[in-house]
Amino acid sequence: MEKLLKGAPVAAALNEKTAADAVALRERGIVPLLAILRVGERPDDLAYERGAMKRCAGVGIETRSVVLPADVSQDTLLAELDALNRDDAVHGILLFLPLPKHLDGEAVRCALCPEKDVDGITDGSLAGVFTGAGTGFPPCTAQASMEILDYYGIDCAGKRAAVIGRSLVIGRPAAMLLMQKNATVTICHSKTADLPAAAREAEILLVAAGQMEHFGSEYLRPGQVVVDVGIGWNEEKGKLCGDVRFDEAVEIVEAITPVPGGVGAVTTAVLARHVVEAADRCI
């Protein structure tokens, strides 16, 4: 097994399949289209939007950007979202969250059509993840983690897996996806008693706690596969870092995703894949 589970070759393999499927759809008169609905000019939203548009262009997916001012009213935002929901030319919708505080983000999230929810934020999409029914799509980052495990031939069946983090964006859906791979999963969080011991028991450890470089050698043991979903800017080091202290982990574990260049590199490839799958489901 590779020591570094790099995301670039995983993304490349996904992109190759997505591009081929997009060509097949176009030959049938269907042009896959992703609509990006953004409120305001948050730098992280802008960066992700640029990456998503570049990725989509590279695999034959059209994009449409709908940008609303930061002070947009709730009614105007919901009207724009409803128009995208009803537009048959739009196959996927990427809605950036969180929204400005004056907006009811929960109401907006619930108004998104699950069939077009390519980033897995609606209750309908999450229900599909939790039931295995296939409705909607899993959150892209959670699925990107699974794509990495698959690409590198890491068999989860029968393995003990631990997920640190219980958010609906990554932690809980990632746990469900691991269970679908027949792993025995423990969801850990800030209230878990003796969290380091719980983490060391796992053969597969997925860390999505949003605590930059918090998890070091005391959470790790030889033979583990570690998927580090966290990402943040370390001012002192002047670089991006994950939740796991990489320099310590790489000397201990069997394999680990780097940050940057790991899960994040696969996320937009998964998003593009979801758009093409959504377009195919419309046939």
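If you skip its neighbours within four places in sequence, Leu34 is in contact with Cys56, Ile61, Glu62, Thr63, Arg64, Gly92, Ile93, Leu94, Val118, Leu271 and Val275. Before I go on, keep in mind that this is a predicted model.

What is the strand order? We've got an open sheet of three strands, running S2-S1-S3, and the pairing is parallel. Strand S2, residues 62–68, and S3 are the edge strands, each pairing on one side only. From one strand to the next, the twist averages 20 degrees. As a quick reminder, strands of a sheet pair through backbone hydrogen bonds, in either a parallel or an antiparallel way.

Zooming in on one pair: strand S1, residues 33–39, and S2 are joined in the parallel sense over seven bridges. If you want one to click on, take Leu37, whose bridge partner in S2 is Val66. Then look at helix H2, residues 43–58, which packs on the sheet and touches S1, S2 and S3. The direction of H2 makes about 170 degrees with that of S1.

H2 has a helix partner too. The axes of H2 and H10 come within 9 Å, crossing at roughly 55 degrees. On the H2 side the contact is made by Tyr48, Gly51, Ala52 and Arg55. On the H10 side you'll find Ala265, Thr267, Thr268, Ala269, Leu271 and Ala272.

Most peptide bonds are trans, and most residues other than glycine have a negative phi. Here are some exceptions.

Let's take the cis bonds. The peptide bond from Leu97 to Pro98 is cis, with omega near 0 degrees. Pro98 is placed in the loop between strand S3, 92–95, and helix H4, 105–111. Val259 and Pro260 are also joined by a cis peptide bond, with omega about 0 degrees. And where does Pro260 lie? In the loop between strand S10, 255–256, and helix H10, 264–281.

Then the phi values. Asn182 is not a glycine, yet it has a positive phi of about 70 degrees. You'll find Asn182 in the loop between helix H7, 171–180, and strand S5, 184–188. Glu213 also has a positive phi, near 50 degrees, and its place is in the loop between strand S6, 204–207, and strand S7, 225–228.

Buried or exposed, for Glu213? The relative accessibility of Glu213 is 18%, so it counts as buried, since the cut-off is under 20%. Asn182, on the other hand, is at 54% and therefore counts as exposed.

That's my tour, thanks.

How values were computed. Residues numbered from 1 in each chain as written. Predicted model: local features only at pLDDT ≥ 70, side-chain atom pairs only at ≥ 80, totals over all residues. Heavy atoms only, no water. Helix = DSSP H or I, 4+ residues; strand = E, 2+ residues; numbered from the N terminus. Buried < 20%, exposed > 50% of the residue type's maximum accessible area, 1.4 Å probe, protein only. Contact = heavy atoms within 4.5 Å. Pairing = 2+ DSSP bridges. Axes fitted to C-alpha atoms, helices over the stretch in contact; angles between N-to-C directions.
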